[in-house]
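Hi,

Here is the structure I promised to send over. Have a look at it first, then read on for what turned up.

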Amino acid sequence: MDVEEVAGELYGLKPGEFTAARDAYVDRARKARDPEAAKAIASLRKPVAAAWAANLLARRQPEAAEGLLALGRTLREAHRTLDAEQLRAASAQQHQLVTALARTAADLAAEAGQPVSDAVLYAVEQILHAVLARPDVAAQWAAGRLAKVPEATVGFPAVAPEAVAARPAPARARAEKPPKEPAKGPPKSPPKASSRLRDLEVEQARAAAADADAEAARRAQELAGIRTARQGAVAAAEEAGERVRALEHDLREARRRKQQAAAEATKAAQAVTAAEESVREARRAAERARREVERLER
């Protein structure tokens, strides 16, 4: 049995269809005496709602998925090389693209008959942010085989301000050094000190602005990660709440069946008691009849 092919088929199903189909494949593998395949298939985990919706996006919108994967490679490279300009451009694109793709995933889920809640939508965004930051998550998502929401990714490694390219400021000593007298011709007027100071301040302001831009991009990335972490927590709480409600429903149903069984057992016990009494009465009647026959025979 081709485990990869089976996995691809299973993760293309709706969450509610996953477990029964997986177990059926496990039984088939065991009957075919393929224990390794049975073990591998049994280990496949049912995807949570957010993971299923994200997988659906990767499967149904391969071009959009490739765009997100490419952006992730760009962001990771920008952080690796501390390319502040590339980082700012990619970060601005990141938030727009993640929001749009999460909305597309929600639309696809609704079309498939599995509409998602706002909490699940937030968890989809968390998944897409993780796709950008983590190659392992990106590979699973690209294959459409995510089973759970990854832990929140709080940004990328920080960009060190000193690594951001900035225009060099002129040396103060050079700015303050008086110009040399030319060998020939009329003497030139020395540049004004205020003009030199202004130029120096402009260059320093440009360098500070570049540093501030890099810091702003880093903090925006961290903020996005914190938001997705909160959204993921909300999604987890909602899923836990749904599970609690399902268990409470099962508990109420079990109690109802228990009460019904107890009532039926009581009725059955009463019926047994009545039947035993009828048997005893019949025996007594039979005994009286036998004695009457003996009396008449005498």
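How much accessible surface does the chain have, and what percentage of it belongs to carbon and sulfur atoms? The accessible surface comes to about 18900 Å², and carbon and sulfur atoms account for 54% of that. Please keep in mind that this is a predicted model, so every value below is computed from it.

On to the overall fold. The chain is built from 10 helices, with zero strands, and the pattern along the sequence reads α-α-α-α-α-α-α-α-α-α. There are 298 residues in the chain, and 29% of them count as buried. If you take the contacts with a separation of 6 or more, 73% of them are between residues 24 or more positions apart.

Now a spot in the interior. Ala105 sits in helix α6, which covers residues 84-111. This alanine has a relative accessible area of 0% and is buried. What does Ala105 touch, once its neighbours within four places in sequence are left aside? The contacts are Ala53, Leu57 and Val124. Take Leu57 as an example: 48 residues separate Leu57 from Ala105 in sequence, yet their C-alpha atoms are 5.1 Å apart in space.

Most residues other than glycine have a negative phi. Arg33 is not a glycine, but its phi is positive, at about 55 degrees. You'll find Arg33 in the loop that runs between α2 (15-31) and α3 (35-42). Is Arg33 buried or exposed? Its relative accessible area is 77%, so Arg33 counts as exposed.

Then the charged side chains. How many salt bridges does a search of the whole structure find? The answer is 13.

One of these pairs Arg22 with Asp23, at 3.3 Å from N to O.

Salt bridges with shared partners link Glu277, Arg280, Glu281, Arg284 and Arg288 into one network.

If you open the model, here are some places to look:

- Ala105 in helix α6, together with its contacts Ala53, Leu57 and Val124
- Arg33 in the loop between α2 and α3, for its positive phi
- Arg22 and Asp23, for their salt bridge
- Glu277, Arg280, Glu281, Arg284 and Arg288, for the network

Cheers

Definitions and conventions: Residues are numbered from 1 along each chain as its sequence is written. This is a predicted model: local features need pLDDT of at least 70, side-chain atom pairs count only at pLDDT 80 or more; totals for chains, interfaces and linings use all residues. Side-chain values use heavy atoms; hydrogens and water are left out. Helices (H or I, at least four residues) and strands (E, at least two) are DSSP runs, numbered from the N terminus. Buried means under 20% relative accessible area, exposed over 50%, partly exposed in between (1.4 Å probe, protein chains only). Contact means heavy atoms within 4.5 Å. Accessible areas come from the Shrake-Rupley method with a 1.4 Å probe; for residues, only the protein chains shown count as cover. A salt bridge is a side-chain nitrogen of Lys or Arg within 4 Å of a carboxyl oxygen of Asp or Glu.
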